[in-house]
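Please open the model in your viewer and keep the selection tool at hand.

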Amino acid sequence: MSPEARARVRALAVLAAVLVVFAVYGTLADSPFTWFYVPITAVLAGLVALVDRSARFSPEVLAALVAIAAGNLAGGVLLVEGEPLYLLELVGPVRYDKLFHATSTGVAAWACWDALTTWAGTAWSAGGLAAAAFLMACGTGALVEVVEFAGTSVFTNTNVGDYGDNMLDLVANAAGAAVVAVVLWRSAVRSRSAAGVTGTR
C-alpha cells in the first residue's frame, strides 16, 4: 500500500472512530443535536471523499479535514454546563462558534487550493489559485449556513442564531479563508520564483 493510500485509510479510520465516539456520547448525555450533527458530518465526509477521488488531497489536508469534522461534532454535540460547546464564550464575547467558522473555512480554502493545484498544476498563477480557493471556501461556508437554515425547519431550537448571527458567521468564514489564501499565495510566489516558474503572481 502506498503512503497516500495509507493516509486515506488512517483518515477514514479516525473519522469513523470520532463519529462513533460522539454518537455514543451524545446518546448517553442526551445531547439534543447529536442526530443532526453526526449524520450531517458523515454526509459531508462522503462528499469530500468523492472530491478526493480526483483532487487527491495531501495527507496534511486530509488530517486537517478530519480535525475540522471532529471540531464540528464537538461544537454541536459536546455539552458544557448543559449547553453545546458552540455557545461557549472563549475570548470575551467571541464564542467557539465564530472561531470555529474562521478555522474551518481556512482549512476549506487550503483544501480548495490543494485540489486546484492538482487539477490546474502551474497553469494558473498563484494569485488566481488563491482567489479561486478563497471564493470556493466562502461558497462552502455559505452552503453550511443553508444547511443550518434547513435545520431550523426540523428542530425547534438549533442554536444557529438569528440573521445577524448568521451574517457574523459569513464574516468569520471570509476572514479565515482570506488569511489562509494569502499565506498560500505568498508561499507559492516564493516557491515558484525560486524554481523559475513563469506566471508566479
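A residue is called buried when its relative accessible area is under 20%. Please bear in mind that this model is predicted.

**First selection: helix H1.** Select residues 3-29, the 27 residues of H1. From its first C-alpha to its last, H1 reaches 38 Å, close to the 39 Å expected at 1.5 Å a residue. Now colour the buried residues of H1, among them Ala7, Leu15, Val18 and Phe22. The buried residues of this helix pack against helix H2 (34-55) and helix H3 (59-77).

**Next selection: H1 with H2.** The axes of H1 and H2 come within 9 Å and cross at roughly 170°. H1 is therefore roughly antiparallel to H2, since angles over 145 degrees count as such. Show the side chains where the two helices meet: H1 contributes residues including Arg8, Leu19 and Thr27, and H2 residues including Trp35, Val38 and Asp52. The residues of this contact divide into eight nonpolar, four polar and two charged.

**Last selection: the aromatic rings.** How many aromatic pairs does the structure hold? There are five. Select Phe36 and Tyr37, an edge-to-face pair with 5.2 Å centre to centre and 90° between the planes. Phe36 and Tyr37 are buried. Move on to Tyr86 and Tyr96, a tilted pair with 5.5 Å centre to centre and 55° between the planes. Tyr86 lies in the loop between strands S2 (83-84) and S3 (89-91) and Tyr96 in helix H4 (residues 96-120), so the pair ties together parts 10 residues apart in sequence.

Terms used: Residues are numbered from 1 along each chain as its sequence is written. This is a predicted model: local features need pLDDT of at least 70, side-chain atom pairs count only at pLDDT 80 or more; totals for chains, interfaces and linings use all residues. Side-chain values use heavy atoms; hydrogens and water are left out. Helices (H or I, at least four residues) and strands (E, at least two) are DSSP runs, numbered from the N terminus. The expected span of a helix is 1.5 Å times one less than its number of residues. Buried means under 20% relative accessible area, exposed over 50%, partly exposed in between (1.4 Å probe, protein chains only). Contact means heavy atoms within 4.5 Å. Axes are lines fitted to C-alpha atoms, for helices over the stretch in contact, and angles run from 0 to 180 degrees between N-to-C directions. Angles under 35 degrees count as roughly parallel, over 145 as roughly antiparallel, 65 to 115 as roughly perpendicular and the rest as oblique. Ala, Val, Leu, Ile, Met, Phe, Trp, Tyr, Cys and Pro count as nonpolar, Asp, Glu, Lys and Arg as charged, and the others, Gly among them, as polar. Rings of Phe, Tyr and Trp (its six-membered ring) pair if their centres lie within 6.5 Å; planes under 30 degrees apart count as stacked, over 60 as edge-to-face and the rest as tilted.
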